[in-house]
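Me: I have a structure open and want to go through its inside and its side-chain contacts. Can you walk me through it?

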Amino acid sequence: MPSTGEEPKAEGPGRSHWLLSLLLALVGLAVVASGWGVAKMTLDGGQPDPAVEDSPPQTRPPLIRAVDADPTDPEEFLELAAQELRAAPSFHISYTQSVEGRGIAHGWARHEPDSDTAFEHYFKTDSGVRVYRYDLPGTGFIMSAEKGLPGMTVLDSPSEADRRLCSVEFVLGPLDELTGSAADLEMTGTEEIELPEGSRGVQASTHTTHRYTGTFQTLAGDYQPDTGRNTLTRIAEAEFELWVDEDGHPRRLSYTSPEGFGETYDYHPLTT
């Protein structure tokens, strides 16, 4: 099972076929009860979870590309950068979660058009529980976790948190939310950043980027091993830093909530 052992290393092209074979035996099963409510992470003080709108359709590549836009006009430049990420045929990100600057969790997510899975998302909780989330064409969302779920689980009647965390919206949503709700947005300079080595053989890389700051509204995801449920928490005013390279590709997004919860996403080089 994928939820045992260490974080997965690079594997050959046939890596995902175990999943496809397993799903043939799962077709028609719904082992997760319908009507899930979305639980809260304890960082948000116990208010009801927000509803999340249905995922928007994939957009076409913009007629004007971010590389042709003026980076000193942050509204247009960042909107085009977010559109280009959404239109990219593949992507790979790694990310961390922190509280008061202390790392509490990490994970990665990827989308590859030739894979058996439309989307894969790995997450390791601060208690050491590994969670795998998938979006499979023709099947829907499935999960596996070392605690809280009975093996590979088909998410029948998925919650809004399931839809967000098991699909490409986990990667695309934060940038869309930033461009849609950013306040006090400004470009603060140009600097070089280094992205660390990612999972599955993704190499470290260095990029010359434009740096932007401001505040925005977003949703943070988590997993509750006691219930086996994905969760969402609304963050109403997160302070962010965003680095976008000279070609208009997002490279890093880092934010912190007023309560000290934070996330950092590293966007590794895209296939275009």
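This is a predicted model: local features need pLDDT of at least 70, side-chain atom pairs count only at pLDDT 80 or more; totals for chains, interfaces and linings use all residues.

Me: Cavities, then. How many of 30 Å³ or more turn up in the whole structure?

Reply: Two cavities of 30 Å³ or more are found when the whole structure is searched.

Me: Which residues line the largest cavity?

Reply: Its lining is made up of Arg-164, Leu-165, Phe-170, Pro-174, Leu-219, Ala-220, Gly-221, Leu-232 and Tyr-265. By class, that lining has seven nonpolar residues, one polar and one charged.

Me: Which element gives the most to that lining?

Reply: Strand β8 does, with three residues. The elements that each supply at least two residues are α3 (160-165), α4 (169-181) and β8 (205-224).

Me: And what lines the second largest cavity?

Reply: Tyr-95, Gln-97, His-121, Phe-123, Arg-133, Leu-165, Phe-170, Gly-221, Asp-222 and Glu-263 do. Two or more of the lining residues come from each of β1 (91-99), β3 (119-124) and β8.

Me: How does that lining divide by class?

Reply: Four of its residues are nonpolar, three are polar and three are charged. Leu-165, Phe-170 and Gly-221 are in the lining of both cavities.

Me: On to the rings. How many aromatic pairs are there?

Reply: The count is nine aromatic pairs. One of them is Trp-108 with Tyr-122: the ring centres are 6.0 Å apart and the planes are at 25°, so this pair counts as stacked. The cut-off for stacked is under 30 degrees.

Me: Where do those two sit in the chain?

Reply: Trp-108 is in strand β2 (residues 102-111) and Tyr-122 is in strand β3, so the pair ties together parts that lie 14 residues apart in sequence.

Me: Are Trp-108 and Tyr-122 buried or exposed?

Reply: Both are buried.

Me: Which residues form an aromatic cluster?

Reply: Tyr-95, Phe-123, Phe-170 and Tyr-265 form one.

Me: Now charges. How many salt bridges does a search of the whole structure find?

Reply: It finds ten. One joins the side chains of Glu-120 and Arg-110, with an N to O distance of 2.9 Å. Glu-120 belongs to strand β3 and Arg-110 to strand β2, so the pair connects parts that are ten residues apart in sequence.

Me: Why would side chains like that pair at all?

Reply: Side chains of opposite charge can pair when their charged atoms come close.

Me: Fine. Are Glu-120 and Arg-110 buried or exposed?

Reply: Both Glu-120 and Arg-110 are buried.

Me: What about Glu-146, which residue does it meet in a salt bridge?

Reply: Glu-146 meets Arg-130, at 3.9 Å from N to O. This pair links distant parts of the chain, 16 residues apart: Glu-146 is in the loop between β5 (140-145) and β6, and Arg-130 is in strand β4 (residues 130-136). Glu-146 has a relative accessible area of 36%, so it is partly exposed. Arg-130 is at 10%, so it counts as buried.

Me: Which residues are joined into a network by salt bridges that share partners?

Reply: Arg-86, Glu-169 and Asp-176 are joined into one network.

Me: Change of topic: Thr-153. Where does it lie?

Reply: Thr-153 is in strand β6 (residues 153-154). Its relative accessibility is 0%, so it counts as buried. A polar atom of its side chain is 3.0 Å from the backbone oxygen of Gly-151.

Me: Last one, Gly-101. Buried or exposed?

Reply: Gly-101 counts as exposed, at 70% relative accessibility. It lies in the loop between β1 and β2. Gly-101 and Gly-262 are 161 residues apart in sequence, with 7.6 Å between their C-alpha atoms.

Definitions and conventions:
Residues are numbered from 1 along each chain as its sequence is written. Side-chain values use heavy atoms; hydrogens and water are left out. On a 1 Å grid over the protein atoms alone, a cavity is a set of points where a 1.4 Å probe fits but cannot get out, and a pocket is an open set with protein on both sides within 12 Å along at least five of seven lines; lining residues have an atom within 4 Å of a point. Grid points are joined across faces, edges and corners, and a volume is the space filled by probe spheres set on the points. Helices (H or I, at least four residues) and strands (E, at least two) are DSSP runs, numbered from the N terminus. Ala, Val, Leu, Ile, Met, Phe, Trp, Tyr, Cys and Pro count as nonpolar, Asp, Glu, Lys and Arg as charged, and the others, Gly among them, as polar. Rings of Phe, Tyr and Trp (its six-membered ring) pair if their centres lie within 6.5 Å; planes under 30 degrees apart count as stacked, over 60 as edge-to-face and the rest as tilted. Buried means under 20% relative accessible area, exposed over 50%, partly exposed in between (1.4 Å probe, protein chains only). A polar contact is a pair of N or O atoms within 3.5 Å; within protein, one must be able to donate a hydrogen and the other to accept it, and residues adjacent in sequence count only if both atoms are side-chain atoms. A salt bridge is a side-chain nitrogen of Lys or Arg within 4 Å of a carboxyl oxygen of Asp or Glu.
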